[in-house]
Amino acid sequence: MSSVKTDGIVLRYANYGESDRMLTLLTPAMGLVSVSARGCRKATSRRLTATELFAAGEYLLCQKGERYTLTSFQLGESYYPIREDVDKLSHGVYWLNLCEAASQPGEECGRLFKMLLLSLAVLAYGNLSCRPLTAVFLAQFAMLQGFAPMLGSCIHCGREPAAPMRFDVEGGGVCCAACAGHGLPMTEADLAWLREAQAHGAFVLAGRREFPEADPQAAEAPFAILRAHVEYRIEKHMASSKFL
């Protein structure tokens, strides 16, 4: 047996037995890690905080073969306000699910881990509307995963797109009026919003910049486009998305 110390955040948990939990952690260097937290649900346990969704901090794990057991935990942040707001909770859980779907055990996830923690802080303690914030999160998530939507020119003919245009989900980019077939309708304002979210969204998620457009309604079409684009690329429909 050996000990492993790592930063981590709880993406998911499952109760088992009378007082135990199995955690799925996202860590910067180890990717996804499954951890057994024995006795954490007992009334006298001090480890329950370490096993809640969004709990982030330093985890000390006991490793035996490929199995990990929680030994101790130093809380860094719980993002507690997310749990007190149904809308924030729905969007926060969706982000956790996306990160789990895009990560693997043993895979370096430092940039995704940092982005998630910064974004959750803005979600928890800021006053920004959730759907535009998730749209920005999706734009940056797509860039980190290497499948950013192609927004510079029509993906079919290469011309600068002009209304009426569409977003080709399967093709992964914007189509001009001449080439647009099936796809999600979008306006020039939507395209500008998407380009801004892609270029400067990291500053929004770090709490250093406002949205590309102050009116939350301006993000509705970009939100739908980015959600469809990301879920198509990761080949998984997120059940939690129905609550957004």
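Strands here are DSSP runs of E at least two residues long, numbered from the N terminus. Keep in mind that this is a predicted model.

**Exercise 1.** Work out which strand gives the largest share of the lining of the second largest pocket.

*Solution.* Start with the space itself: the second largest pocket has a volume of about 230 Å³. Next, look at who lines it; among them are Met1, Tyr16, Ser34, Cys62, Arg67, Tyr68 and Thr69. Now sort by element: strand 3 (31-37), strand 4 (56-64) and strand 5 (67-77) each give two or more residues. Strand 5 takes the largest share, with three residues. By class, you get five nonpolar, three polar and four charged residues in this lining.

**Exercise 2.** Decide how helix 3 and helix 4 are oriented to each other.

*Solution.* The axes of helix 3 (residues 130-145) and helix 4 (residues 188-205) come within 8 Å, crossing at roughly 90°. Angles from 65 to 115 degrees count as roughly perpendicular, so helix 3 is roughly perpendicular to helix 4. The residues touching include Pro132, Phe137 and Met143 from helix 3, and Trp193, Gly201 and Leu205 from helix 4. Tally the contact and you find 12 nonpolar residues, three polar and no charged.

**Exercise 3.** Find which helix gives the most to the lining of the largest pocket.

*Solution.* This pocket holds about 270 Å³ of space. Its lining includes Arg111, Lys114, Gln140, Met143, Ala202 and Arg208. Helix 2 (110-125), helix 3 and helix 4 each supply at least two residues. Helix 2 comes out on top with four. As for class, the lining has eight nonpolar, one polar and three charged residues.

Conventions
Residues numbered from 1 in each chain as written. Predicted model: local features only at pLDDT ≥ 70, side-chain atom pairs only at ≥ 80, totals over all residues. Heavy atoms only, no water. Axes fitted to C-alpha atoms, helices over the stretch in contact; angles between N-to-C directions. Parallel < 35°, antiparallel > 145°, perpendicular 65-115°, else oblique. Contact = heavy atoms within 4.5 Å. Nonpolar A, V, L, I, M, F, W, Y, C, P; charged D, E, K, R; others polar. 1 Å grid on protein atoms, 1.4 Å probe; cavity = no way out; pocket = protein on both sides within 12 Å on 5 of 7 lines; lining within 4 Å. Points joined across faces, edges and corners; volume = space filled by probe spheres on them.
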